[in-house]
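Colleague: Can we go through the aromatic rings in this one? Start with whatever term I need to follow you.

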Amino acid sequence: MVKYITLQETLPLRSKVLRNGLKLEQCIFPTDDSEGIFHLGFFSGEEITSIATFFWEDYPEQAVEGVRLRGMATHPDHAGKGQGAAIINFAVNELSSQNASYMWCNARKIAIGFYEKLGFSIISAEFDIPGIGPHVNMIKHLS
Ligand SMILES: CC(C)(COP(=O)(O)OP(=O)(O)OC[C@H]1O[C@@H](n2cnc3c(N)ncnc32)[C@H](O)[C@@H]1OP(=O)(O)O)[C@@H](O)C(=O)NCCC(=O)NCCS
């Protein structure tokens, strides 16, 4: 089940899945105080096993009313069960009702297939984020 969670609740999975066990306080993104930010978690019983964060930020070459997705991560023991997809779909419903026109992200190259399954398309050349690896920008238009 997908629910709203706090920033603090995202940190253990961010650390484990996205930051190689970095201290929790170092897993806070500079964008975590952005306008309209919200965090979603997929609950497997009491445990949060998939997370993502959404906030208003336009992509430079796109229209206004864009939302950026960051910190998408599913616990490896729960990968492939549709939890990440459930979070994106929950956010799409929520953001469509707030009249967002698109969602975009820096997608790790290894996750491109996941985003494509959810209707995102690649909109940039490949670029490197030091310490993390190759990425592309991807976008999903919302109706
Ligand atoms: C990428 C990630 C978020 C996917 O989460 P998940 O909960 O396992 O994904 P889901 O089970 O909801 O997958 C939805 C669909 O995408 C597919 N998919 C998932 N990960 C994929 C990948 N890396 N490449 C290709 N397809 C993928 C699934 O097979 C599924 O397809 P289906 O609808 O045909 O069954 C997760 O694997 C993860 O946390 N990876 C490590 C961190 C990471 O790369 N995060 C993204 C940062 S940009």
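Modeller: Buried means under 20% relative accessible area, exposed over 50%, and partly exposed in between, with a 1.4 Å probe and protein chains only. At 4% relative accessibility, F120 therefore counts as buried. This is a predicted model, where local features need pLDDT of at least 70, side-chain atom pairs count only at pLDDT 80 or more, and totals for chains, interfaces and linings use all residues. Residues are numbered from 1 along each chain as its sequence is written, and side-chain values use heavy atoms, with hydrogens and water left out.

Colleague: How many aromatic pairs are there?

Modeller: Six. Rings of Phe, Tyr and Trp (its six-membered ring) pair if their centres lie within 6.5 Å; planes under 30 degrees apart count as stacked, over 60 as edge-to-face and the rest as tilted. F38 and F54 are stacked, because their centres are 5.3 Å apart and their planes at 20 degrees.

Colleague: Where do those two sit in the chain?

Modeller: F38 is in strand β2 (residues 38-44) and F54 in strand β3 (residues 47-56), 16 residues apart. Strands are DSSP runs (E, at least two residues), numbered from the N terminus. Both F38 and F54 are buried. Ring pairs also join them with Y4 and F90 in a cluster.

Colleague: Back to F120. What does it pair with?

Modeller: Y115, edge-to-face, with 5.2 Å between centres and 65 degrees between planes. Y115 is buried too, at 6% relative accessibility.

Colleague: Which charge lies over F29?

Modeller: The charged end of R70, 4.1 Å from the ring centre. The test is NZ of Lys or CZ of Arg within 6 Å of the ring centre and within 35 degrees of the ring normal. K3 lies over the face of F43, at 4.7 Å from the ring centre.

Terms used:
Helices (H or I, at least four residues) and strands (E, at least two) are DSSP runs, numbered from the N terminus.
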